[in-house]
Each structure stands twice: as structure tokens, then as C-alpha cells.
Amino acid sequence: MEKIFQKLSLASASIVFVLLIGIFFTLFNSSKEAINEFGFNFIVNPDWNKEIVLNTPNLNTVDNVDDDVIADEDDEDEVLFDEDDEDEVATKTVFGGLVPIVGTLLSTIIALAFALPIAMGIAVFLAEIAPQKISNIVGIAIELLAAIPSIIFGMWGLYYFAPIVADIVGGYQVSLLTAGLVLGVMILPFMAAITRDSMNTTPSVLKESAYALGATKFEVIKDVIFPYSKVGIIGSIILALGRALGETMAVAFLIGSIFVLPEAINDPTISIPVAMANNFGEASGLGESSLFYLALILFVISFGVISIAKFYFLKRGK
Amino acid sequence: MPIMNIKKFSFTYPGVDHPSLKNITLPIMQNKITALIGPSGCGKSTLLRSMNRIHDLYPGNKYDGKIELLDLETGKKNNILEIKKENEFIKLRQQVGMIFQKPTPFPMSIFDNVAYGLKIAGVKNKTELQGRVEEALKGSALWKEVSDRLDKSAMGLSGGQQQRLCIARAVAVKPEVLLFDEPTSALDPISTGAIEELIVELKKDISIAIVTHNMQQASRISDYTAFMYLGDLIEYDATENIFLNPKEKQTEDYITGRFG
Amino acid sequence: MRLLINKIFLALSVFSALIGLAFLAWILITLFIKGLSSFHLGLFLNDLIDGGLRNLIIGQFILAGLASLIGIPLGMTAGIYIQEYGRGKYASLIRDLSDIMMSAPSIVIGAFVYAVVVIPTGGTSGFAGAIALAIMMIPVVINTTDNMLSLVPKELREAGIALGASKYKVIIDIVIKAAKVGIMTGILLAFARIIGETAPLLFTSETSNYFSLDLSQSFPSLTVSIYDLANEPEESSRDLAWAASFILTVMVLIINLTGRFITRNKK
């Protein structure tokens, strides 16, 4: 019985390992078609689901004249497959992931820039300023904010937050900016909580020594607590970044969902999770494979970022 | 007549290169109380914990020498250091029980706590269980205080009561030897007195080894005393001899408080 | 001067806390106002096809419940392995991988399940959705089990072993019991988290307008339907989306607060 239990628990634990590898390989496998077709060019190509003309770029316009009747790939002229074929030019549909990739990265950066100062302020408040009772209550409130489903952030963001932002800053209500800001509100509680926990690991004696020298609270925080918990704080920032990268629903409501690179921060665009959310249903073939390619890229980036946070900064003391 | 014979026993913790116990030879006399005393780090707890091989919860230990346990049922002496199989370990711990420094009531009712060892040993009959639980609680001087709330959680008892509960729990399986690892250091003086009385009572049926850093306690209740220092057994003798007439200078220094 | 800087800093800090609280209040008040204004009992009596939310609410619970049936046992036994049995690098690796998976993008999990369940079985299904939610739940349950078990003092385990109990008995009878409250809270919080998820369900179980208990087809989901409704042009759809959002948030917060309440009592 003991042995059975041991083996069972080992098997369950191994599921984590198996899942992670399984996810990676499945994504890789399903994106093979797109990888083979586009290679690394996928990452820098802004055209999504566009039909482009094959071969020479100096034949922009459709020319009805053809010299030979034979379809030849090396032929510098247009290629006609069949005289009966209605399409005068051969085209193919290409998918390029630049726009969603850029959208994902930029929206995350905006979120971080917005959330960081506020989260730090909240953490300082909870850890050092507020008396115990207030710290508990506010702490719970912040954790409740974290518990709110992301789709709710999307609804509230779209109908209440975004219009106000657009009024202040101008531009579209659905844009990179509004998506980034709502994303910021979402990662705010998470960053605040981990930072507060890191700050609380500072030994009291250290703080007391500084106060005993006549330091102000600000100075104790700046010169003792922050340096001591620096590692944990940076870790929390990077971890929050990792989470923001993968956020779907809130961003889906607010980013605009168009495959166009934003020219201004308040232009609509798209992110990887949103591209996936909107298109998976109808996609097939190369399109579907391209979505998986995007998923793979996102997975690798998230995994990398979160691993960095974990292994360099958030070492678990066990 | 020793119930346990420790012969040239050395012990090394996993991942450490020097042994924590060096060549210890020591008998545990039957139906007597043997105290292990010495300054912090001398190895007395390490030695005690070897006697029921609880070290093996944390694999990688190195043993040398022998620890022979007399099996009262069969009359045979077994080297407990050779035990490898799960069921043999279980039998060992049913023969050699342990009480810890911090009272460790299980998160269950008082009755279930005391009955736990019995249930594991396969006792299922309700009447038998009730009888043995009552016997054990009486033997631990706890019955009067808890007989009307046996089904209440053990966590509601005071520190002293919890420790007596742990003793009842260990005694219920009728072990040959009971190991006490500083059993009163977390308790107040009155509870300490009660437990000391209890231990002296217990030696009628059980052989006892007790680790204590409280010399007065050792001289009060033990029949034999072993003084240890930095992993060595410095001196072993009847308690009066150790305290009134120690042979080794180190023993004398410790007893008189010059160090430790 | 130093005192002035100090005052400013502290004021900023309090101000940030107020901002955080303000966002929470703003969102909750919005939900209350918009949600209550479209609220009527019919929401609980009719299915989406008739303008109600009944099938969606029940469906979401079923999906989360099925996910829990899979995720909780797996997560707990894995957490037990890491804390109680694992000795070396493998246990640490699993712990780290599990932590990483906790923050993994939920839509990627959805894509994974799409590839390994939806495509081979030929279509979306409640099962696929539940599996996706279970995958999200497992690392959270592992984490909470691992943490709660680590809080149990080692003497308790040793006392059990010293009585002759085998390791698994000690774990089940004593250690888990001792950590029971914390683990329960953790599980409740994990449940609250997955019941609010949308992305993993989007293309695995999608949603349905009808009442359904058939897990082999597209399965009604409150969260996915909120997304669909919000994207529809009709005002009435939007109102329904708000009512649904309100109900969803109330559900999640109640479960979350219940979990915290349990621990509070035991302190």
C-alpha cells in the first residue's frame, strides 16, 4: 500500500512535467506548416492573411499578356497556369506575426509602466505605513481586485475606463493605450502583493537600527528595505510581466483587433492572445498553423520571462 | 539485564564527513531509567533517535557497530541497525516508542489519539480498543481529567496534558522501551513534576531512556546516567556514582557547572 | 527638508493605495449598477435562447466542477509527492515547473487542448473545456498543497512514524489533517479562479444557447457567452452581458471570500 501510494504521487507529480513538454511539442508540431512556410520571417512580417503576388515585385499590376503557355517557376514573367484560369496572377496567402508580437510586447510595457509606481506605493502602504488592521483590510481588497475575472476587466474597461482615457488623451477608445492601461490595473494587485511580501521579509532589527539612527520612514524604506528586498521586488515585476504577456480577455475588448501596426500609442492594433482568440474558430490550414506559430512564440517568451523571474530573483527558501 | 545493548556504535549524518557519534558502547537496563546528559551538540539526541531508527526518515545516514534489542516475546537479540524492510521498521517502532520535546497531539480526538498506535497494529475490536485506551490514559495519570471528553479534539488540552496524552498514546501499544527526548523542556515546573512522577511509575513495565539537559532531573529520576561530550561517551555508571563520585574530570566539570 | 520628502513620499504611498481601492470600487460599483439594472429573476429561469442565463450559470459550474474532479486529486497527490516524498532534484524541478505553469498564458493552454482533444475528437466539447480548466487548476493546487504541508511541524510526522505508522498513513491520517484548513482554502481559491476563466474555453468548449448536460458537444459557458454577447450589436445583448458579468463576479467573490473566511476562523 505504501509503495502504491508513493508511485501514485510520483505519477501525479510527473504529469506536470509531461504536460509542459506536451504543450511545447504540440504547439511546435501544429505550427510546423507555418514554420516551414515562413521561417523566422514570420516574426518580422506585418502582413497577416494577405494575398501577395508571387515572384517579381516589379510586376505590380496584373498584366494580361504572357509570352509562353508553359507554367515555369523560373520565368520572370507572370506565370499562367492555365489559359482558362481566371486569376491572371498567382498569389499566395501569407501570415506574418509582427503586428501581434509588437502589440503583445508594447501593451505589456505600457501596463508595467502604469502599474509599477502604483503597485510599489500600495506595497509600501501595506507593509510599512498602515496600522495592522487597515493593512489587513486593504490587503484583502487588493486581493479581491486580483480575483476579479479578466473578462470583467474587459467589460468595465471598454464601457467605462476607455472612454475616459480617450477623452483625456484623444484618439480611439479601443487602442494599444487603453488595452495597456487596463492590463496595468489587472497586474497591479499581483505586483503589490508580491512586493509587499518581499518587503516583509526584511528583519525588524535592520529597520529598527536605521530608525534608531534617526532615519525617516522614507529613508528606511529607500535605504534599508528596498535594497534588502530588491531581488524579490524585481522578481515580482518580471513575473507580472510574464502574466501580462498572456492576458487575453481584457485586451480582446480593448485593443481593437486589427492587424495594423499602431502609428500612435492611441491607435488600435492586436496582440497574440487576441489574434488567437478571434481567429481560432474559423482558421484552417496555413492560417491555423500560423496561429499555433504565434502561440508557440508566446509560450516560449512567457516561459522564458517567468523562468528568469523564478530562477534569478524569486528563489524559494525550502 | 539489558533490554538494549549499544555496541561500538558510530553515526554519521548524510552529507557530513565527520561522525556525530563515535564508538558508543552502552547498555539500556531493563525496567530502569537511563539518562543521557551532556552539553548541547554532544550527540545525546542523535543517540536516542538511533534507538528507534527515526533517523531513517531522512535517508543517507551511515551506521557503524551494533544496537541489539532483546525481543521479550522470542527471547532473541536483534541488531536493529540491520533492519531494512518496511514491516521490520514498523515492528521496531512498536517495540521502541518515542516521546518528543514538543507535545505532538494528532489533529483528532483524545480517544483517537491514544487508539492510533493500536489501530495501526491491527486492533479493531471496539471493546478492546476502549479498554486499552482507558488503561493507557490511567497509566498516564490523565484518565480522570479527560474521561468525560474523549471525543473532543486533543488540541484543546494544555501543554502538560498534551504531553501526558502523547505518553498514553505511546504506552498503549505496550512497547518494551520508551525513549524520551527532553520531554519536559517545553513545560512549566508543575507539569514537569507530574511527568517525572509518571516516568518513574512507568519503569515498572517499560525500560526507559531519557535525554535531558536538566541535570537535577537526571539525578532525581534516573537509575543510570551516561555523560556524553562531542560525540563520545565519556562516562556511564549508576546515577549516584556519576553525580557524587564521577571518575572522569570532564564529567565532574559538567556536573559542577563549569561548562555546558 | 528630509521631513518634507518623507511626508510627500508617505502621501504618495497612501494615494496609491487609494487609487487601488478606487479601481476596485469603480469596477464593483459599475457591475452593481449595470448588472442590477438588467437583473430579473427570469435570468435564472430561462436559458440563453430565451434571454436568460440559467444554462450558462449551470454550465460554468459543471465545467469548473468537472475540472476540479480531475485537477484536485492530481494536484494534491503531486503536492504530497513534492513535499513528503521528493528528496532530490526531480521534486525541486517539478515544483519549479509547476510554479512556471501557474503563470502560463491561458489561451496557450486552450490551443494545446484544441490540438490534442478537439481536433482528434472532431469537435468542441465540454470535456475539452473541462480538461483545459483542469490543466490550469493543477499547478495552483500543487502550490497550495505544497505550501500548507510545509507548515506542518516535522515533529508531528516523527511522532506518527515513532508509533509504527507507515509513511503514507502518517501523511493521510496526520499531516493532511493538520493542514486541512489551509488546503481547503487553497482549493476554494483555485476553484474561484478557474470558474472565472474565458480564454481556455473559447475554442475548446465554446458555449451554447441551450440548456445542455451533454459534455460531448459545445457546452454552455457563462464567461464565453459574456464575450459573445458583448460583441453583438444589440443593446439587449449588451445588457445581458452586464447582468451576466455581475452574476459571475458575485459568484467568484463569494467563493473567494468563503475560502478566506474558513482560514480566518481557524486562526
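Me: Which residues does Ala244(C) touch, not counting residues up to four places away in sequence?
Reply: In this predicted model, Ala244(C) is one of the two residues with the most contacts inside the largest nonpolar core, the other being Ala295(A). Setting aside residues up to four places away in sequence, Ala244(C) touches Leu53(C), Leu56(C), Leu222(C), Ser225(C), Ile226(C) and Leu229(C).

Me: How many residues does the largest nonpolar core have?
Reply: Ala295(A) and Ala244(C) have the most contacts inside this core. H3(A) gives the most to the core, with 17 residues. The number of residues in the core is 259.

Me: Which helix gives the most to the side of chain A that touches chain C?
Reply: The contact takes 66 residues from chain A and 70 residues from chain C. On the side of chain A, the residues divide into 48 nonpolar, 13 polar and 5 charged. The helix that gives the most to that side, with 17 residues, is H1 (residues 2–38) of chain A.

Me: How many helices and strands are there in chain A?
Reply: Along the sequence, chain A follows the pattern α-α-β-β-α-α-α-α-α-α-α-α-α. Of its 318 residues, 46% count as buried. The count for chain A is 11 helices and 2 strands.

Me: Which element of chain A has the lowest mean pLDDT?
Reply: The mean pLDDT of chain A is 85, and 87% of its residues reach 70 or more. Among the elements of this chain, helix H3 (residues 98–129) has the highest mean pLDDT, 94. The lowest, 82, belongs to strand S1 (residues 48–53) of chain A.

Me: Over which residues of chain A does pLDDT stay under 50, with 1 contact beyond four places in sequence?
Reply: Over residues 78–86 of chain A the pLDDT is below 50, and that stretch has 13 contacts beyond near neighbours in sequence. Where pLDDT is low, the predicted coordinates should not be read in detail. The stretch with 1 contact beyond four places in sequence is residues 57–61 of chain A.

Me: Which strands stand at the edges of the open sheet in chain B?
Reply: The sheet has 6 strands in the order S6-S7-S8-S3-S9-S10, with mixed pairing, and its twist averages 15 degrees from one strand to the next. An edge strand has a single partner, so one side of it is left without a neighbour in the sheet. The edge strands are S6 (96–99) and S10 (232–238) of chain B.

Me: Which residue in S7(B) stands opposite Ile99(B)?
Reply: S6(B) and strand S7 (residues 177–181) of chain B run parallel and are joined by 4 bridges. Helix H7 (residues 189–202) of chain B lies across S3, S7 and S8 of that chain, at about 145 degrees to S8(B). The residue opposite Ile99(B) is Phe180(B).

Me: Is Glu182(B) buried or partly exposed?
Reply: Glu182(B) lies in the loop between S7 and H7 of chain B, and its phi is near 45 degrees, a positive value in a residue other than glycine. A residue counts as buried with 20 or more other C-beta atoms within 10 Å. Because Glu182(B) has 19 C-beta neighbours inside 10 Å, it is partly exposed.

Me: What is the phi of Asn31(B)?
Reply: Asn31(B) is found in the loop between strand S2 (21–29) and S3 of chain B. Most residues other than glycine have a negative phi. Asn31(B) has a positive phi, near 55 degrees.

Definitions and conventions. Residues are numbered from 1 along each chain as its sequence is written. Chains are lettered from A and ligands numbered from 1 in the order in which they are written. This is a predicted model: local features need pLDDT of at least 70, side-chain atom pairs count only at pLDDT 80 or more; totals for chains, interfaces and linings use all residues. Two residues are in contact if their C-beta atoms, placed from the backbone, lie within 7 Å. Ala, Val, Leu, Ile, Met, Phe, Trp, Tyr, Cys and Pro count as nonpolar, Asp, Glu, Lys and Arg as charged, and the others, Gly among them, as polar. pLDDT is the predictor's confidence in each residue, from 0 to 100. Two strands pair if DSSP finds at least two bridges between them. Axes are lines fitted to C-alpha atoms, for helices over the stretch in contact, and angles run from 0 to 180 degrees between N-to-C directions. A residue is buried if 20 or more other C-beta atoms lie within 10 Å of its own, exposed if 12 or fewer, and partly exposed in between; C-beta atoms are placed from the backbone. A nonpolar core is a set of buried Ala, Val, Leu, Ile, Met, Phe, Trp, Tyr and Cys residues joined through C-beta atoms within 7 Å.
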